[in-house]
Amino acid sequence: MQREQMLEELSKIVGKENVLSSETDLLLYGYDASLFKGKPDCIAFPGSTQEVSEIVRFCHREKIPVIARGSGTNLSGGTIPTRGGVILHFSRMNKILEIDIENQRAVVETGLFTLALKNQLARHGYVYQPDPASEKVSTFGGNFAENSGGPHCLKYGVTTNHILGAEIVLPDGEVIQVGGKALDNPGYDLTGILVGSEGTLGIATQLTLRIMPKSEAVKTMLAIYNSLEDAGRTVSAIIADGIVPATLEILDKLTIKAVEESVHAGFPLDAEAVLLIEIDGLKDGMERLAERIMEICRKNHARDVKSAKTEAERTQLWAGRKGAFGAISRLRPNYLVCDGTVPRTKLPEVLVRVMEVSKKYNLTIANVFHAGDGNLHPLILFDERDEEELRKVHLAGSEIMKLCADAGGTISGEHGIGTEKMKEMFFVFSPQDIAAMRKVKKAFDPEDIYNPGKIFPEVQA
Amino acid sequence: MNREQLKTLFYDEVAKCNHCGFCLAHCPVYTVAGREWATPRGKNVLVKAIIEGKIDWTPEIEATLFRCTGCRLCTQTCFPAVETNQGVLAGRECLVDKKQYPKVIDRVVEALETHFNISNEPNINRTLWMEKLEDIPDHRFQKEKASVIYFVGCVAAFYPMAHKIPQTFVQILNKAGVDFTILGGEEWCCGFPLIQAGMKDKMQKLIEHHQEKVKEVGAETVVFACPSCYHTWKEKYQTNAELLHSTQFIERLIGEGKITFQNVADRAITYHDPCDLGRNSKVFDAPRNILKKVPGLNLVELEGNRQLSICCGGGGDLEMIDPALSAAIAQRKIEEIQRTGTEEVVTSCQQCIRTISGYARKHKIKLKVRDITEVVLDAMG
Amino acid sequence: MPRMEKLIPRLKEIVGEAHLIRDPDKLKACAVDGKRPQAILSPGTIGEVSKVVAYANEQSLTLLPMGNGTKMGMSGIPKKMDVVLSTLRLNRMTDCDCENLTLSAESGIPLGEVQKRLLQEGKGYFLPLDPPFTERATLGGIVATNSSGPRRLLYGTARDLIIGTKAVFPNGDVVASGGKTVKNVSGYDMCKLLIGSYGTLGILCEITFKLLPLPERVTTLLLPFVRLEEAVQFGREILQSQYLPSSIEILNEMVVKKIKSPIVQQGNYLVAIGLDGVAESIERQVSEIGERAKKSSALEIAVLASETHSSFWKAIRDFSEGLVEEGSNFISFKSNFLISRCGEVMGSYEKIAKESGVDCGLICHSGNGMLYSYVFAGKGVRSKKEFLLNLIREFSSVAVKNEGHLIVESCPPGIKKRIDVWGEPRGEYEIMRRLKKEIDPKGILNPGRFVGGI
């Protein structure tokens with residue numbers, strides 16, 4: 001189809017002011033927070049489900065790829081227009097449609113920032129549990145597509161456990177409602193398969209979310225170590241002792257340094273690792289539980305353990321964790337976040353092997369991760385402008401995924417496969433496994449309109 | 001500035017941007033525009049692409065780089081603290097050298113070159129705000145020698161909506177017995193609009209003029225009620241005189257017992273940190289300390305306060321270049337103010353007052369917008 | 001059945017002679033809605049399942065997967081059922097990694113056995129699922145029917161607890177999804193597709209669950225009320241609080257009578273609040289919730305000690321099993337709806353039943369908006385068919401009005417023929433049919449039993 005004609009058609013749907021197509025804009029929608037780049041044909045800003053549906057119907061007819069996008073914070077290249085097409089930027093669809101306290105649900109448009117809802121819920125004493133590090137800017141549509149995690153997923157589960165229904169625009173433009181406010185609707189769990197499908201099966205325009213009363217009490221502790229492995233062992237020991245904290249987060253020496261330079265969270269600069277522990281729930285017995293946890297930390301050679309005394313101290317500790325990725329880029333211009341995940345008992349041994357990869361490629365690797373989930377986030381530091389270094393980074397990243405897979409883990413815990421890890425899918429899946437997924441794709445999107453060139457390896461194994 | 005110079009100065013800076021996108025949550029321009037071009041991330045990417053020769057100076061780049069309020073909230077909230085605004089300003093300099101910039105800027109430049117003010121009026125009109133004042137001394141606040149210069153600034157001098165600021169501030173200084181002068185027709189623009197316009201090399205004449213004036217008057221202190229003049233002087237001027245914002249000066253006068261408060265205010269207000277005073281000059285406490293001293297005044301903080309204050313929409317020449325965008329940002333600011341539950345916002349910048357009260361008036365929103373000097377004078381009685 | 005005879009040798013070859021049953025009595029025992037299989041196959045490994053399914057697919061032989069058969073009456077009448085594929089020999093716990101809080105087990109193992117073994121591991125662990133048929137239900141059956149119980153309020157359901165599955169798809173492929181990590185976004189979440197799919201997409205062979213350490217203490221508060229509104233209001237109050245009950249059940253008098261609760265004898269509605277957690281928090285919740293109950297109109301406040309606690313909850317979970325044992329004639333339903341509408345739905349059902357002149361037992365997971373209802377039709381169901389059909393329609397419209405559905409879980413075949421047990425069709429059924437068609441083009445897995453004719 002002629003480009004002009006495409007722009008004209010889209011303009012008819014959303015208005016001329018809501019279609020962008022200049023060279024500059026194509027460059028601006030060719031990236032996300034990953035290392036990948038592409039180029040769309042144009043960008044449209046739908047204002048309603050109806051408009052999304054009409055755009056998709058048009059693209060379906062003309063076989064034009066459609067890529068949904070929120071804030072573009074994706075770390076695996078999930079929103080990269082690798083095969084051109086229309087980017088749907090959801091910035092205009094960012095309203096909270098309903099906060100239904102009685103039924104413990106919220107209904108939102110998918111362009112809404114995660115934190116924007118949480119701030120509103122706080123006024124009611126309610127929470128939406130998932131807390132991706134990017135929550136202040138990550139949109140619900142992005143959380144939905146990636147099945148985002150976050151530090152509190154250890155206890156409360158990931159995004160999929162909190163999305164109960166969705167309004168979905170299918171690749172042919174049809175609009176359906178899956179799931180809903182009530183639980184256990186009859187039929188296949190379409191909500192479940194759509195969450196985490198990285199925009200390849202359906203585009204969500206509205207989501208129905210589970211919300212719950214805020215915990216009565218919370219306690220945040222910090223354990224300081226002279227060895228990263230000891231921190232890792234502590235995590236296993238806490239879990240094995242039958243305690244399931246809300247979070248268990250580890251930052252290594254390099255990360256501590258970066259964090260301290262940017263947000264001053266109060267982490268000691270000479271420590272090899274810090275472990276951030278949070279428990280929540282009813283206040284009763286919390287002190288005793290905290291004492292037991294701190295005892296386990298000490299047994300595992302923590303050189304110091306302390307707990308936040310005030311809300312301000314707690315916020316401070318969390319600022320350090322939440323700001324870790326960004327702070328790393330003070331050390332070198334760029335970083336690649338690996339997202340390998342292992343059974344938590346394998347953490348100590350995998351950490352050692354990650355550091356071997358660091359040595360092998362002579363690359364600096366910082367570690368900051370959701371230890372309780374076994375979700376590693378080795379950050380490989382480099383300068384994108386150095387092509388040789390960039391090449392090594394990709395190799396090292398792949399090698400880390402491999403060693404996670406070999407340890408009984410997986411290649412992505414929460415960032416998705418996107419464009420980044422397609423070929424690594426074979427580290428964890430057999431051709432049969434992938435063939436079954438392709439069938440699902442075919443049932444939803446036989447023409448491969450939605451976010452083509454993602455998840456599935458290009459070649460058969 | 002050309003591409004090579006841009007590269008030398010800013011390539012390493014913009015390369016630190018990892019496109020994480022966290023700035024999208026804060027950027028006032030993105031908040032209302034909702035387009036990637038509006039984001040600090042996008043601006044970094046474009047400057048980098050220009051440096052790398054991946055894109056030419058397109059009309060969209062011009063439109064983008066001239067739509068930044070310079071509030072620097074992005075840098076404040078960016079973990080690697082990328083100085084996006086510096087890149088934006090340098091980009092504007094490049095665009096100016098290519099004669100590719102909003103034509104409205106030419107009018108300002110012309111005004112500055114003919115009359116040394118942004119208003120394109122005879123510079124002698126700088127003191128018209130005095131006309132409504134009663135009991136002014138014969139020297140009309142213009143003395144040959146004085147220990148303090150009060151630098152009024154173009155906006156407060158020429159725009160009736162902001163006249164209140166010099167009117168109240170001179171009364172405060174008078175009551176406090178300060179030996180001060182204004183420069184009257186010898187006060188020129190500080191050069192701030194030129195920096196924002198990407199023409200900072202045109203400001204040398206202005207700087208030298210003012211530096212000379214300080215010497216002539218023999219002033220030890222220059223006081224500004226305008227945060228942008230204050231910031232510009234601090235950044236670009238070389239003088240032995242002490243540079244203070246009005247809030248800092250008032251705080252000092254209170255400390256010295258030269259200002260005392262007689263009247264009880266008895267109401268709740270909120271305070272908006274002007275970007276050039278707060279985040280960019282790090283003056284957060286002085287205005288708060290003053291407000292705390294006013295009997296009965298209850299300060300309710302905004303959600304975005306101090307370092308995290310959100311721009312009113314008036315920064316970076318935006319009001320001149322894209323009034324609609326500026327107004328949309330002002331609307332957000334007003335909504336944020338309203339969420340505090342107070343009916344009065346106090347600030348310490350004539351530009352913030354213009355943007356906020358301008359929007360409120362136009363849309364018939366009931367909101368009192370006052371400069372801190374007005375609050376101080378009221379309380380002095 | 002000449003065709004079947006031709007296929008038997010190959011099937012025997014795959015599973016071994018001893019594991020292919022053709023004994024008419026045993027086949028009769030496996031009949032579903034009056035339809036009888038021609039053979040029962042019990043493969044012993046996933047590899048054998050794969051071979052059986054691949055062969056069945058090739059030969060267009062329909063398979064009906066079955067564990068202990070506790071839920072065979074649920075779902076629609078099979079369009080065709082050539083062979084029952086029994087999972088009972090797939091009964092191993094393949095990876096019990098309590099330190100990692102995960103368990104992988106084969107689908108044919110009963111949950112009761114799993115729990116017993118977990119109890120003995122280290123400090124004691126459990127799989128936080130408490131569906132009906134406590135002892136006999138197999139993991140595969142529970143997951144395939146997305147079966148859950150009262151404690152889902154705190155612990156969630158299969159979709160929250162399962163992190164990996166291994167299933168044989170209709171083409172014979174062994175398809176693995178997820179794994180042993182509690183977070184996993186590699187590829188599509190195929191586990192979700194299989195949970196609650198009633199064996200129509202694949203034969204579940206191995207499932208990996210998240211485990212939890214046993215709570216320090218468990219207890220139950222029983223609070224009888226005279227009026228439904230009072231009971232519902234109290235349940236809601238607790239739900240909206242910061243307390244962390246594991247269950248908030250509301251039972252009507254009929255149910256209380258049938259489970260022969262030894263403790264509470266008065267009131268028309270019983271609110272049962274389950275509490276799991278650390279000792280201090282249990283103590284405080286018991287006393288504070290009790291305090292609140294006193295202030296509201298609870299007739300008494302009974303606290304169950306651990307032994308009576310277990311038997312009480314077992315009686316609730318296994319309510320329908322008890323009814324079968326006592327030989328009751330009943331139709332059972334599962335309804336879902338908005339959490340806030342428990343009172344409306346329960347009240348309406350009781351009213352409809354009363355007007356129809358039948359007794360009705362209600363067990364409501366009030367914190368989740370799930371209601372299990374049992375209508376006792378008494379003798380001569382056949383003659384009452386029309387009014388029972390009418391009652392089903394009315395129940396269904398109440399559920400739909402409250403943003404939910406009515407599913408008929410068990411009813412006589414004569415009634416089943418006249419209704420869609422899954423209730424009102426939903427807009428998403430078309431995409432479900434497309435999924436089924438892509439994955440099982442020949443329709444060999446459990447045909448005709450699922451929603452939308454799948």
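A residue is buried if 20 or more other C-beta atoms lie within 10 Å of its own. The model used in these exercises is predicted.

**Exercise 1. State how much of chain C is buried, and judge its overall dimensions.**

Step 1. Apply the cut-off. Of the 454 residues of chain C, 56% count as buried.
Step 2. Take the spans. The C-alpha trace of chain C covers about 70 × 60 × 40 Å along its principal axes.
Step 3. Compare with a globule. For 454 residues, a compact globule would have a radius of gyration near 22 Å. Chain C has 22 Å, so the value agrees.

**Exercise 2. Describe the secondary structure and contacts of chain C.**

Step 1. List the elements. Chain C has 17 helices and 19 strands.
Step 2. Take the contacts with a separation of 6 or more. In chain C, 72% of them join residues 24 or more positions apart.

**Exercise 3. Locate the largest nonpolar core and follow one of its residues.**

Step 1. Size the core. It has 410 residues.
Step 2. Find those with the most contacts inside it. Among them are A:Ala223, A:Val274 and B:Ile149.
Step 3. Find the top contributor. Helix α14 (residues 387-406) of chain A gives the most to this core, with seven residues.
Step 4. Follow B:Ile149. Leaving aside neighbours within four places in sequence, its contacts include B:Phe180, B:Leu183, B:Val214 and B:Val222.

Methods:
Residues are numbered from 1 along each chain as its sequence is written. Chains are lettered from A and ligands numbered from 1 in the order in which they are written. This is a predicted model: local features need pLDDT of at least 70, side-chain atom pairs count only at pLDDT 80 or more; totals for chains, interfaces and linings use all residues. A nonpolar core is a set of buried Ala, Val, Leu, Ile, Met, Phe, Trp, Tyr and Cys residues joined through C-beta atoms within 7 Å. A residue is buried if 20 or more other C-beta atoms lie within 10 Å of its own, exposed if 12 or fewer, and partly exposed in between; C-beta atoms are placed from the backbone. Helices (H or I, at least four residues) and strands (E, at least two) are DSSP runs, numbered from the N terminus. Two residues are in contact if their C-beta atoms, placed from the backbone, lie within 7 Å. The radius of gyration is taken over C-alpha atoms; the globule rule is 2.2 Å times the number of residues to the power 0.38.
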